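Hi there,

Here is the structure I promised to pass on. Have a look at it first, and then read on for what I found in it.

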Amino acid sequence: MDSATVGILVGVVVLGLLVVGGAGTLVVWRRQRQAASSLPGRGVSGRQPSPALERTAPLWGSHVAIRQFGFHPEHLQCAAGTTVTWTNHDDVQHTVTFRNGMADSGLLPHGQTYQYTFRLPGTFEYYCTVHPRMVGTVVVTSA
Ligand SMILES: [Cu+2]
């Protein structure tokens, strides 16, 4: 291998590292943007759906059924000012607990409902404290 070949190889490796490093920085930047947009009160950025939401588009409505250890629809969309009602159809208790701490239904027995009125636009993630794999999202748009 002559020195010219070695020089080219080194150049290719350095270029590759630069590309990978640049992509990594971009991913971190996008994560920060998503984290910021999930905060309440960031109306405009909150309308940008995250990649997870793009896979299953949120359904417009104001009712979520809790059934067979899941929230249906998993992604709900509504306008600011909407009161959303969750109804537990399972025989076991579930909760509707928001990740940002803004509300928590407590344990909901079979047949019980929980209501929450969304005043601010944004994307609000919630889960069940008893079964943390049960997750849902409410996307609130400007009224
Ligand atoms: Cu549960």
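Contacts between residues 24 or more positions apart make up 48% of the protein's contacts with a separation of 6 or more; two residues are in contact here if their C-beta atoms, placed from the backbone, lie within 7 Å. Please keep in mind that this is a predicted model, in which local features need pLDDT of at least 70 and side-chain atom pairs count only at pLDDT 80 or more, while totals for chains, interfaces and linings use all residues. Residue numbers start from 1 along each chain as its sequence is written.

A word on confidence next. pLDDT is the predictor's confidence in each residue, on a scale from 0 to 100. The protein averages 77, and 62% of the residues score at least 70. Over residues 12-49 the pLDDT stays under 50, and the model has 25 contacts beyond four places in sequence for them.

Now the overall layout. The protein has three helices and nine strands, and along the sequence they follow the pattern α-α-α-β-β-β-β-β-β-β-β-β. Helices (H or I, at least four residues) and strands (E, at least two) are DSSP runs, numbered from the N terminus. Of the 143 residues, 19% count as buried. A residue is buried if 20 or more other C-beta atoms lie within 10 Å of its own, exposed if 12 or fewer, and partly exposed in between, with C-beta atoms placed from the backbone.

Two strands pair if DSSP finds at least two bridges between them.

Strand E4 (residues 75-79) pairs with E9 in the parallel sense over five bridges, and the bridge partner of His75 in E9 is Thr137.

Another open sheet has four strands in the order E3-E2-E5-E7, and here too the pairing is mixed. Its edges are strand E3 (71-72) and strand E7 (113-117), each with a single partner strand, so one side of each is left without a neighbour in the sheet. E2 and strand E5 (residues 83-88) are parallel and share four bridges; Val64 stands opposite Trp86 in E5. E5 and E7, on the other hand, pair in the antiparallel sense over five bridges, with Gln115 in E7 as the bridge partner of Thr85.

Which residues touch the most other members of the largest nonpolar core? They are Val64, Ile66, Phe71, Trp86, Phe124, Val138 and Val140, out of the 14 residues in that core. Strand E2 (63-66), strand E8 (122-127) and strand E9 (135-141) each supply at least two residues of this core, and E9 gives the most, with three. By nonpolar core I mean a set of buried Ala, Val, Leu, Ile, Met, Phe, Trp, Tyr and Cys residues joined through C-beta atoms within 7 Å. If you click on Val140, you will find that it touches Cys78, Ala80, Phe118, Leu120, Pro121, Gly122 and Phe124, not counting residues up to four places away in sequence.

A few spots in the loops deserve a look as well. Most residues other than glycine have a negative phi, and most peptide bonds are trans. Between His72 and Pro73, however, there is a cis peptide bond, with omega about -5 degrees; Pro73 lies in the loop between E3 and E4.

The loop between E2 and E3 holds Gln68, which is not a glycine but has a positive phi of about 50 degrees. Gln68 is exposed, because it has 8 other C-beta atoms within 10 Å. Phe69 is in the loop between E2 and E3, and its phi is also positive, near 60 degrees. Phe69 counts as partly exposed, because it has 13 C-beta neighbours inside 10 Å.

Finally, look at His110 in the loop between E6 and E7. His110 counts as partly exposed, because 13 C-beta neighbours lie inside 10 Å. Leaving aside neighbours within four places in sequence, His110 is in contact with Asn88, Asp90 and Asp91. His110 and Arg67 are 43 residues apart in sequence, with 10.0 Å between their C-alpha atoms.

Best wishes
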